[in-house]
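Here is a short briefing on charged side-chain pairs. Take a look at the chain before reading on.

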Amino acid sequence: MEAQKLSFFLLLLLSAALPPPSLISAKELCNSHDKKVLLQIKADLGNPYALASWLSNTDCCTWYAVTCNSNNRINQILVQYDNNLTSTIPSAVADLPYLELIFFHKLPHLTGTIPESITKLTRLTQLWITWTNVTGFPDFISKIPTLTYINLSFNNLTGAIPSSLSVLDNVNTINLSRNKLTGPIPESFGSFKQASNFYLILSHNELSGSIPKSLTKLTLQNFNVSFNKLCGQIPQGGSLQSYTEYEYLHNKCLCGSPLPACK
């Protein structure tokens with residue numbers, strides 16, 4: 001009997017010494033490299049309130065503004081709705097090797113350029129940087145072949161749209177609206193591989209020249225070039241006549257269906 005009591009007592013002591021299962025599993029979830037990178041990103045962004053849950057003594061897979069994949073690696077970063085965040089996009093985002101989505105949204109004091117280091121991200125499929133004050137244009141994104149979705153609308157991007165974007169075989173959405181982009185719409189845009197289901201939104205910029213005839217090769221699910229400085233006859237064919245005049249309005253001298261005939 002005494003031996004049984006002693007065994008029971010020792011078992012209780014052992015149980016008390018072990019951490020609860022929740023803590024054990026928590027330690028196993030978060031990859032140490034990813035956590036280190038995220039804490040660096042937080043510091044680079046000035047420790048914003050939006051990332052208040054990013055604490056070194058907690059599991060990064062439970063933090064707000066990130067998600068983990070089935071292997072407990074960070075695959076999404078979503079920083080949004082913070083009027084007090086004053087910084088640039090940290091180059092350290094490129095040190096999250098399993099990242100599939102970059103999402104920076106409604107950050108009016110996010111400035112500078114998009115870091116070229118993101119070309120290291122071999123799994124990145126979606127790049128959302130919207131409603132910020134980011135400038136320049138990231139010509140290098142054509143070096144990220146995994147991209148399917150590019151939304152860089154409502155920023156302060158400047159310069160010409162690079163024709164090299166058309167080499168992205170997997171991309172089916174490009175939204176560059178509400179920037180300060182200049183120059184022509186690239187002729188190469190008619191050669192996108194995902195031509196049967198394409199979204200191209202270029203409105204509210206300062207684009208000039210004519211609409212490339214090559215765009216008639218695309219089946220455009222969404223298309224808008226309004227509020228630019230485009231001129232000339234709208235090419236006939238493809239999906240270009242399936243849109244109303246509103247997708248073409250407020251340009252310099254566009255004409256032809258669905259706008260009035262050219263003179």
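This is a predicted model. Across the whole structure, a search finds four salt bridges.

**Arg73 and Asp34**
- Arg73 pairs with Asp34 in a salt bridge, and their closest N and O atoms are 2.9 Å apart.
- Arg73 sits in the loop between β1 (66-68) and β2 (74-80), while Asp34 belongs to helix α3 (residues 32-44), so the pair ties together parts that are 39 residues apart in sequence.
- Arg73 has a relative accessible area of 15% and is therefore buried, the cut-off being under 20%.
- Asp34 is buried too, at 1% relative accessibility.

**Lys120 and Asp95**
- A salt bridge joins Lys120 to Asp95, with 3.0 Å between the closest N and O atoms.
- This pair links distant parts of the chain, 25 residues apart.
- Lys120 is in the loop between β5 (110-111) and β6 (126-132), and Asp95 is in the loop between β3 (87-88) and β4 (101-107).
- Lys120 is partly exposed, at 49% relative accessibility.
- Asp95 is partly exposed as well, at 32%.

**Asp169 and Lys193**
- Asp169 forms a salt bridge with Lys193, where the closest N and O atoms lie 3.6 Å apart.
- The two residues are 24 apart and link distant parts of the chain.
- Asp169 is in the loop between β9 (156-160) and β10 (173-175), and Lys193 is in the loop between β11 (180-183) and β12 (198-201).
- Asp169 counts as partly exposed, at 36% relative accessibility.
- Lys193 is exposed, with a relative accessible area of 58%.

How values were computed. Residues are numbered from 1 along each chain as its sequence is written. This is a predicted model: local features need pLDDT of at least 70, side-chain atom pairs count only at pLDDT 80 or more; totals for chains, interfaces and linings use all residues. Side-chain values use heavy atoms; hydrogens and water are left out. A salt bridge is a side-chain nitrogen of Lys or Arg within 4 Å of a carboxyl oxygen of Asp or Glu. Helices (H or I, at least four residues) and strands (E, at least two) are DSSP runs, numbered from the N terminus. Buried means under 20% relative accessible area, exposed over 50%, partly exposed in between (1.4 Å probe, protein chains only).
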